[in-house]
Amino acid sequence: MQEAVQRSQRVSRHPWPVIRGLRWWIVALICCGTIINYLARNCLAVLAPQLKEVLHFSTQEYSYVVAAFQVAYTVMQPICGWIVDTLGLRLSFTLFALIWSVTAALHGTAGGWRSLAVFRGLLGVTEASAIPAGVKAVAEWFPGRERSVAIGYFNAGTSLGAMLAPPLVVWSALHYNWRVAFVITGLLGIPWAAAWWFFYRSPGDHPGLGPDERAHVLADRAPRPSGERAPARLLLRKRRFWAIAIARFLAEPAWQTFSFWIPLYLATERHMDLKGIALFAWLPFLAADFGGIFGGYLSPFLMTRLRMPLVGSRVAGIWLGALLMIGPGFVGLVGTPLAAIALFCFGGFAHQVISGLLNTLTTDVFAENEVATANGLTGMASWTGGLSFSLLVGALAERIGFAPLFGCLSIFDLLGATLLVVLLRPKWRINA
């Protein structure tokens, strides 16, 4: 009690004015950080057709470069989550953003696929912090009924960053060169890190949080026990962990295929040049933005109109996304590049419905002081799936084409949604 009083006194002495709707400003800041994070990582995919010629590497060697990022990102997600839970969001996210910014800029010094792979691996080590940190911030700042909306908005940053990458990167490469493109997209993270350090505090310590919003933020948290954080090995024994982890493992190949392989697919099988890719390759990610936001509002809509319980509304939205993911499975059957882009848009929308609600589920079924660790562990599972499929694409795309591989993505999401229902069904009655 005395500690709470002292904290309140510290906050009240701070010169900040009360900021109305502060929790939504927090989400906006996280979204900006996510945009910068994904802009830096998607720079490589946009430049891949040019880099294959300039640095003289094959499609399979490109898959090794992609895999270097994916392996590092996969391994580091639970570690980054643990660091975020241990050091706190303000310090840890600032440090991670500074390091990933410098590392992304260093891509411009690469002399071949091997050095490029080294920089990609280092980038994966630090960028793995973004989603666990964002999910934890939402868990801290939002009651259960608003979390899917908040995660929908911040998760839109993933597709906004990927959407902005083609025009910005191609403009930089054409007006300067590919090395400058890496530097520009990389260093954008430094001013964001400064803004995060200055602005972010937890709800209990933020001087800009008014008493009414503080009460709203702290509401609706009954299912989230406080106290000592469970060790990671105990999280691995929980059925609800595997429900989310397996669903993410099967969903992630779609997003990583869209992020890392669409430009190369458009160049090799649809014969589009760099300018054509810049004009159209961002559209699936614009659709993904709408999908993430739609999924966020879908859950409270189902709770209000159909009286679904909280967890059940998340699962229903994930099933809808899985059904919509059937669309991109037919990319190989359409005759024009624009039709292929349209189906990729369908897939981007569907995937972000799934992704946002799976991330939200982590905040629903795990304690607040272990959310980042749990999200990092399920993220490790998801990126294992994405990494494995990317290596498969690299090995088979030149032999069998992209079409059968795109078809697999639809099957994966339907299977993941089915297993989520089976494994998570006892939790469907959670209402907060």
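Cys 408 is partly exposed in this predicted model, with a relative accessible area of 26%. Cys 32 also counts as partly exposed, at 40% relative accessibility. A search of the whole structure finds zero disulfides. For Cys 32, the nearest cysteine sulfur belongs to Cys 31 and lies 6.0 Å away. Because a disulfide requires a pair of cysteine sulfur atoms within 2.5 Å, Cys 32 is in no disulfide.

| Residue | Relative accessible area | Class |
|---|---|---|
| Cys 32 | 40% | partly exposed |
| Cys 408 | 26% | partly exposed |
| Trp 383 | 4% | buried |
| Thr 378 | 0% | buried |

**Helix H17**

Helix H17 spans residues 371–400 and contains Thr 378. Trp 383 is found in helix H17 as well. Thr 378 has 0% relative accessibility and therefore counts as buried, since the class covers values under 20%. The side chain of Thr 378 reaches the backbone oxygen of Asn 375 at a distance of 3.1 Å. When neighbours within four places in sequence are left aside, Thr 378 is in contact with Phe 241, Ile 244, Ala 245, Arg 248 and Thr 362.

Trp 383, with a relative accessible area of 4%, is likewise buried. Leaving aside neighbours within four places in sequence, Trp 383 is in contact with Arg 41, Phe 69, Gln 70, Tyr 73, Thr 74, Gln 77, Glu 252, Gln 256 and Phe 260. Between Trp 383 and Ala 104 there are 279 residues of separation in sequence, and the C-alpha to C-alpha distance is 20 Å.

**Helices H3 and H6**

Two packed helices are described by the angle between their axes and the distance between the axes. The axes of helix H3 (residues 59–87) and helix H6 (residues 130–141) come within 8 Å and cross at roughly 35°. The crossing of H3 and H6 is right-handed. On the H3 side, the meeting residues are Tyr 73, Gln 77, Gly 81, Val 84 and Asp 85, while H6 contributes Ile 131, Pro 132, Ala 133 and Lys 136. Classified by residue type, the contact of H3 with H6 has five nonpolar, two polar and two charged residues.

Tyr 73 and Gln 77 link the two parts of this account: in H3 they take part in the meeting with H6, and both are among the residues in contact with Trp 383.

Technical notes: Residues are numbered from 1 along each chain as its sequence is written. This is a predicted model: local features need pLDDT of at least 70, side-chain atom pairs count only at pLDDT 80 or more; totals for chains, interfaces and linings use all residues. Side-chain values use heavy atoms; hydrogens and water are left out. Helices (H or I, at least four residues) and strands (E, at least two) are DSSP runs, numbered from the N terminus. Buried means under 20% relative accessible area, exposed over 50%, partly exposed in between (1.4 Å probe, protein chains only). A polar contact is a pair of N or O atoms within 3.5 Å; within protein, one must be able to donate a hydrogen and the other to accept it, and residues adjacent in sequence count only if both atoms are side-chain atoms. Contact means heavy atoms within 4.5 Å. Axes are lines fitted to C-alpha atoms, for helices over the stretch in contact, and angles run from 0 to 180 degrees between N-to-C directions. A crossing is left-handed if the near helix is turned anticlockwise from the far one by less than a right angle, and right-handed if clockwise. Ala, Val, Leu, Ile, Met, Phe, Trp, Tyr, Cys and Pro count as nonpolar, Asp, Glu, Lys and Arg as charged, and the others, Gly among them, as polar.
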